[in-house]
Amino acid sequence: MTATAVSPQSPTSPAGATATPYLLLDVAAAVERLHAFQRVLPEVAIHYAVKANTAPELLAAFHGAGARFDVASPAEVDLVLAAGATPAELLYSNPVKRADHIAAAHAAGVRLFVVDSHGEVDKVARVAPGSAVVCRLLTSGAGADWPLSRKYGALPGEALDILRHAGARNLDPAGISFHVGSQQRDPRAWDVPVAEAAAVFDDLRAHGFRPHLLDLGGGFPADHGGAAPPLADYGIGIRTAVERAFGADTPDLVVEPGRGLVGDAGVLVSSVIGIVDRGDQRWVFLDAGVFTGLVETLDEAIRYRLTTTVDGPTGPCVLAGPTCDSADVLYEKVPVRLPLGLAEGDRVTFHAAGAYTTCYSTVGFNGFAPLPTILA
């Protein structure tokens with residue numbers, strides 16, 4: 001969906017300036033962040049994780065600034081090709097895919113796929129013959145606010161067997177992929193999986209294969225609640241881990257930032273629709289919630305920084321969304337501090353919300369429309 005271009009509205013504009021909720025997206029800020037990645041990791045191909053935010057204007061700007069793309073569905077393939085990318089600039093990173101989706105991507109020219117099982121190798125060999133594959137390693141997710149350690153990934157020995165199987169099926173066993181978890185706060189989180197990847201590379205070479213690609217995944221943080229090191233520290237951490245594990249024989253390197261690229265370029269603007277005192281708890285209800293872009297607040301994993309249009313003394317509040325679903329509660333275990341003078345119609349802004357908000361928004365659960373995008 002194309003974002004609406006309007007005159008920039010301040011996230012703290014009086015109610016009525018623009019109907020809430022909406023995401024205010026600054027594409028220029030996202031491109032500047034891409035340039036920061038390119039400066040910190042000059043030897044690494046930056047593949048933007050399209051699932052973080054699919055605004056066509058953003059994709060076109062990233063392509064123009066030299067980004068490649070991490071895609072996970074035929075729809076995402078179509079989006080980035082429409083933005084000007086070529087198939088050679090795409091990495092299909094979904095480790096478990098429908099066979100017809102693999103075939104569609106292959107027909108569009110994609111030749112690089114992530115796998116993590118023998119069965120997935122067989123699917124790629126059957127419908128995308130001659131393609132290259134990288135095998136995703138299992139990681140712990142330690143240090144990440146949103147760990148990705150359960151659904152995908154093979155142990156190093158399993159990865160070796162999977163890639164040898166790929167070679168036997170006339171695919172190119174290109175290398176290893178992994179993801180250290182989203183909103184990763186430890187720049188040394190790459191140490192262990194990079195070392196494991198190097199061991200798999202050595203074993204593959206001993207079996208006559210020539211692996212050449214290491215996909216370092218994403219995990220780079222946005223400016224959410226809680227401290228995170230600067231981007232430069234992640235560059236140093238990754239470079240050190242790769243040099244230690246591979247020495248002078250460094251493979252081609254890829255990263256897949258999503259949140260780290262576009263998170264800080266957007267703010268989600270919402271309005272208070274009600275305030276209810278329930279015993280000793282003050283509940284603040286907003287017109288944005290779990291089903292309208294804020295799904296990463298589930299289990300209070302991602303804690304957004306909040307500002308409001310009201311000043312004055314603050315107190316602890318439970319923050320909830322507008323739907324009738326009891327899961328639509330953003331922060332309750334650890335309440336947020338909001339002005340006690342907050343009232344219906346006042347605005348609450350979620351900062352660093354450019355990633356995983358519009359894309360996670362439902363198509364209309366409980367009758368609430370998907371979160372729209374306004375370009376700053």
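Tutor: Let's start with a term we'll need: a residue is buried if its relative accessible area is under 20%, exposed if it is over 50%, and partly exposed in between, using a 1.4 Å probe and protein chains only. Bear in mind that this is a predicted model, where local features need pLDDT of at least 70, side-chain atom pairs count only at pLDDT 80 or more, and totals for chains, interfaces and linings use all residues. Residues are numbered from 1 along each chain as its sequence is written, and side-chain values use heavy atoms, with hydrogens and water left out.

You'll find Gly 315 in strand E16, which covers residues 314-320. (Strands, E, are DSSP runs of at least two residues, helices, H or I, are runs of at least four, and both are numbered from the N terminus.) Gly 315 counts as buried because its relative accessibility is 5%.

Skipping neighbours within four places in sequence, Gly 315 is in contact with Val 336, Arg 337, Leu 338 and Leu 340. For a contrast, look at Ile 176: it sits 139 residues from Gly 315 in sequence and 49 Å away in space, C-alpha to C-alpha.

Now for the strands beside E16. Two strands pair if DSSP finds at least two bridges between them. E16 and strand E17 (residues 329-339) run antiparallel, joined by six bridges. One of the bridge pairs links Thr 314 to Pro 339 in E17. Strand E14 (residues 281-286) runs parallel to E16, with three bridges joining them. Here Phe 285 has Ala 320 in E16 as its bridge partner.

Last, a word on the cysteines. A disulfide is a covalent bond between the sulfur atoms of two cysteines. The test used here is a pair of cysteine sulfur atoms within 2.5 Å, and the structure holds zero disulfides. Cys 324 is exposed because its relative accessible area is 74%, while Cys 359, at 30%, is partly exposed.

Note on methods: Contact = heavy atoms within 4.5 Å.
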